[in-house]
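User: I am new to this structure and would like to learn how to read its features. Please take me through a few of them.

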Number of protein chains: 2
Amino acid sequence: MNSKIKWLREKMKMLNLEGMIISNPVNIRYLTNIVAEGILLITRKENIFLTDGRYIEEVQNVLTIDDEIVVHEFKEYSKDEYENFFLFCENVGFEEDYITYAGYKEYMHKYKVNNLQETEKMIEKQRMIKDEEEIQKLRKACKLTDDCFEYLIKYIKIGQTEKEIALEIEKYFRLNGAEGVSFEPIVASGKNSSKPHAIPTDKKIDLGDVITLDFGCKHEGYCSDMTRTIFVGYIPEEVKKIYDLVLRNQLKTGKELKEGANIKQITKMVENDFKLNGYELVHSLGHGVGLDIHELPAISSRNDKNLKEKMVITNEPGIYVPGKFGVRIEDTVLVGKEISENLTKSSKEYIIVDKQ
Amino acid sequence: MNSKIKWLREKMKMLNLEGMIISNPVNIRYLTNIVAEGILLITRKENIFLTDGRYIEEVQNVLTIDDEIVVHEFKEYSKDEYENFFLFCENVGFEEDYITYAGYKEYMHKYKVNNLQETEKMIEKQRMIKDEEEIQKLRKACKLTDDCFEYLIKYIKIGQTEKEIALEIEKYFRLNGAEGVSFEPIVASGKNSSKPHAIPTDKKIDLGDVITLDFGCKHEGYCSDMTRTIFVGYIPEEVKKIYDLVLRNQLKTGKELKEGANIKQITKMVENDFKLNGYELVHSLGHGVGLDIHELPAISSRNDKNLKEKMVITNEPGIYVPGKFGVRIEDTVLVGKEISENLTKSSKEYIIVDKQ
């Protein structure tokens, strides 16, 4: 059997779950490699993927005999047969953080289960630790992101708009082997860079601007996420001071991210250093990255858990001076036993673009 | 008070709801024009939008005194104060098709309501009928889509890839005043056009291809949706026959879409004509369009309801010959009392592109 479903079945046994209904397409992709609308039923006897006619051929092509997953169309089953999937099962798990309240009631009705049991993001928690195949995919997504950045610093010119540059990022990824962007790129220049979640505008790149470039792509479903803050023409002294402060914290954090490190403590370290210098860390220090661009674990001072080997997370401190400018520096990081590895490897030296 | 919230309060009274929690951001935008993360509470005394600090200024700028909506930060309220929002309320409505099961339990806990009551998509149902302001926005989105199509038939050349053309659509919209695309454009050429939901590939446009272009944009939140099938160099005889069959049905349907028309019957009419000619309508005939690209009503033979004036829906019959080609023709349509109006107005004559 597919190793991830094997894990799931063992976990279910520990939790006294005799079946499980998996509806979140990202969890289904994680467990089976299937990318299609449908639902995965883990019953006593079988692993069944139910889908509609459009997807049958595609899904069969992805699965191998080793997966031990059977594929059927929704419409092949009668009302009674739906009720039989979990016959004599006391507890059947479902994804309470994905399924709507209406969906929950529909499941109750359709599968006639005694007890639909919450599963507390157990698959999402398992997804935190990446296997070798996943790490390879993340590496590739990060490499494409570095390549895109290299392209961008040659491409960006004074007078282009933020929107134009954002579109060029999307174009680069789609035409260079990525599945697309992992999120809408942030291109925020001058004053606009003071908003952490700026949306690209028609503002033109101008001499003396800082530009925050926050972008990433997807490769075989896996996401990358990187931010660099670059300069146009010259580096204003007040920006340089903050750039140095953010970079120092980003590098220091990078060294701390390893097996056993406490997430809250690491975040507090950055928060304190910012505070000492009169600034504030207004967003999280980072987040997990994988099939979702934001996934577990949250890297913030509200998370008192420890890091584990083979987590992939972002390290993204930033400082924002309202109405003036902002600086954020971010890498996607593979957590190791003794040391972490930045999967995004673009330079963090001062980068100045100055072409007209 | 804002007229949409006034409507909601009257509806709530009829349903014996003493309060309501609105979480779906599209419903919140519909009711208030607010575009921000947050939650709208309709309490006995007030309309309250709760959000986080980032959005306060932006939200205040959108609201007027007439809206009678007060804005507060989540963190201003203590646990006890959350419990007081719906004090002495028996029934409080929520959106069971939007809120997850986990979210439902969180609301129960946080607001301590006796009975959180399902509301059966009442806001989504109200959204089906568009007011003048909404129609203006939809008109503008559709006009931009027509303009984009005019641009495309000059732009498209033999040798370009589907992906390049899809990117050009996105670029056109973003640089010409739209907020962006309303969905990822479909550009499906040659054999690929036989898949109704094709994703743009690296396939190059070739002589003798048909190209299905299914695309739309957003203007002030409102979506457009149009499909045209065009030809490269010449029109193969077998494709022409099917094009004529699809177009005849699209035009005939267009004439039937008016107040009181039965959705099931209209769809059956197309299904039957396709069947008579040896083909099948494999997807819905259409769907509602508004703040969401797919919203109520569904235009399919499973919907036995009648159309109403000022609904905005798509009319999109299509025929797909597996492994060979497909033809789909779609307009966004404003339903009228006696007659419907196509809001997308691009030509449906044979269009042949042949530039190298």
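**Reading the model**

Analyst: Start with one residue: Asn176(A) sits in the loop that runs between helix H8 (162-175) and strand E7 (180-181) of chain A. Helices (H or I, at least four residues) and strands (E, at least two) are DSSP runs, numbered from the N terminus. This is a predicted model, in which local features need pLDDT of at least 70 and side-chain atom pairs count only at pLDDT 80 or more, while totals for chains, interfaces and linings use all residues. Residues are numbered from 1 along each chain as its sequence is written, and chains are lettered from A and ligands numbered from 1 in the order in which they are written.

User: Is Asn176(A) buried or exposed?

Analyst: A residue is buried if 20 or more other C-beta atoms lie within 10 Å of its own, exposed if 12 or fewer, and partly exposed in between, with C-beta atoms placed from the backbone. Asn176(A) has 12 C-beta neighbours inside 10 Å, so it counts as exposed.

User: Which residues does Asn176(A) touch, not counting those up to four places away in sequence?

Analyst: Two residues are in contact if their C-beta atoms, placed from the backbone, lie within 7 Å. On that basis Asn176(A) touches Leu144(A) and Asp147(A).

User: How are two packed helices described?

Analyst: By the angle between their axes and the distance between the axes. Axes are lines fitted to C-alpha atoms, for helices over the stretch in contact, and angles run from 0 to 180 degrees between N-to-C directions. In chain B, helix H7 (residues 132-155) packs on H8(B) at about 135 degrees, with the axes 10 Å apart. That angle makes H7(B) oblique to H8(B); angles under 35 degrees count as roughly parallel, over 145 as roughly antiparallel, 65 to 115 as roughly perpendicular and the rest as oblique.

User: Which residues of H7(B) and H8(B) meet?

Analyst: Leu144(B), Cys148(B), Tyr151(B) and Tyr155(B) of H7(B) meet Glu168(B), Ile169(B), Tyr172(B) and Phe173(B) of H8(B).

User: How many residues of chain B are in contact with chain A?

Analyst: There are 14 in chain B, in contact with 14 residues of chain A. H8(B) gives the most to this side of chain B, with six residues.

User: What does strand E15 of chain B pair with?

Analyst: Two strands pair if DSSP finds at least two bridges between them. E15(B) pairs with strand E18 (residues 331-334) of chain B in the antiparallel sense, over four bridges. Ile313(B) stands opposite Val333(B) in E18(B).
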